[in-house]
Amino acid sequence: MLKTVLIATDGSSHAAKAVEFGADIATKYDAELVLVHVLLRDHLSDALRHMLDVEYRAEDSQTPVSDIIAASPYGQFPLTHMIPKKTTDTNSALQAIADMVLSEAEVAAKKKGVAKITKRIEDGHVAARILEVAESVQADIIVTGARGLSDFKALMVGSVSHRLANTAPMTCIAVR
């Protein structure tokens with residue numbers, strides 16, 4: 001019945017549960033599993049983004065992005081521990097986080113017995129990119145965490161899982 005299961009993950013604890021649940025479904029139906037991560041650009045405040053992109057350009061500074069973020073008075077960036085210590089630009093940091101989030105999800109899915117796994121890193125508006133990927137791979141189901149890394153933003157403008165559930169043409173499951 002199900003041929004393709006798409007799991008959107010941001011590396012949060014709810015996303016980890018979604019990976020476990022979605023992998024179980026993919027294993028049961030011998031379905032392809034598509035893991036999607038949309039770069040975490042929304043988690044950089046405007047001030048922190050300015051500091052990283054302008055004041056701490058890679059060519060001007062050898063200060064690692066992880067150190068800049070950790071010292072920032074604007075709040076902690078989620079998943080800072082995943083940024084390689086020698087990373088000196090924002091895009092490389094976000095890419096490194098995406099690679100690690102997807103690698104961890106892939107390991108968890110393989111442990112559940114999923115045979116065919118595809119990993120996708122996307123950039124842009126999170127819900128829109130997930131929907132575009134779901135349509136392009138002809139996903140039968142989308143599995144996400146009920147909450148992600150942007151809980152405060154979700155309270156103000158709605159969560160990604162809520163947007164997906166209300167706009168996707170396929171079944172969506174939000175895992176708690």
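Strand 4 and strand 5 (residues 171-175) pair in the parallel sense over five bridges. Two strands count as paired if DSSP finds at least two bridges between them. Within this pair, Val 143 has Ile 173 of strand 5 as its bridge partner.

The model is predicted: local features need pLDDT of at least 70, side-chain atom pairs count only at pLDDT 80 or more, and totals for chains, interfaces and linings use all residues. Residues are numbered from 1 along each chain as its sequence is written, and side-chain values use heavy atoms, with hydrogens and water left out.

**Overall layout**

The protein chain has seven helices and five strands. Helices (H or I, at least four residues) and strands (E, at least two) are DSSP runs, numbered from the N terminus. In that direction the elements run β-α-β-α-α-α-β-α-β-α-α-β. Of the 176 residues, 46% count as buried. Buried means under 20% relative accessible area, exposed over 50%, and partly exposed in between, with a 1.4 Å probe and protein chains only. Among contacts between residues at least 6 apart in sequence, 70% join residues at least 24 apart. Contact means heavy atoms within 4.5 Å.

Five strands form an open sheet in the order 3-2-1-4-5, with parallel pairing. Strand 3 (117-122) and strand 5 stand at the edges with a single partner strand each, so one side of each has no neighbour in the sheet. The twist averages 20° from one strand to the next.

| Strand pair | Bridges | Example of facing residues |
|---|---|---|
| Strand 1 (residues 4-8) and strand 4 | three, parallel | Val 5 and Ile 141 |
| Strand 2 (residues 32-38) and strand 3 | six, parallel | Leu 35 and Lys 119 |
| Strand 4 and strand 5 | five, parallel | Val 143 and Ile 173 |

Strand 4 (residues 141-145) is mostly covered, with five of its five residues buried. In a regular strand the side chains alternate between the two faces of the sheet. Ile 141, Val 143 and Gly 145 point one way from strand 4, while Ile 142 and Thr 144 point the other way.

Thr 4 is found in strand 1. Its relative accessibility is 7%, so Thr 4 counts as buried. Leaving aside residues up to four places away in sequence, Thr 4 touches Ala 31, Glu 32, Val 34, Val 137, Gln 138, Ala 139, Asp 140 and Ile 141.

**Helices on the sheet**

Strand 2 and strand 3 pair over six bridges. Helix 5 packs on the sheet and touches strand 1, strand 2, strand 3 and strand 4. The direction of helix 5 makes about 155° with that of strand 2. Helix 7 also packs on the sheet, touching strand 4 and strand 5. The direction of helix 7 makes about 160° with that of strand 4. Axes are lines fitted to C-alpha atoms, for helices over the stretch in contact, and angles run from 0 to 180 degrees between N-to-C directions.

**Helix 5 against helix 7**

The axes of helix 5 (residues 126-136) and helix 7 (residues 160-167) come within 9 Å and cross at roughly 45°. The two helices are therefore oblique to each other. Angles under 35 degrees count as roughly parallel, over 145 as roughly antiparallel, 65 to 115 as roughly perpendicular and the rest as oblique. Val 126, Ala 127, Ile 130 and Leu 131 of helix 5 make the contact with Val 160, Arg 163, Leu 164 and Thr 167 of helix 7. These residues divide into six nonpolar, one polar and one charged. Ala, Val, Leu, Ile, Met, Phe, Trp, Tyr, Cys and Pro count as nonpolar, Asp, Glu, Lys and Arg as charged, and the others, Gly among them, as polar.
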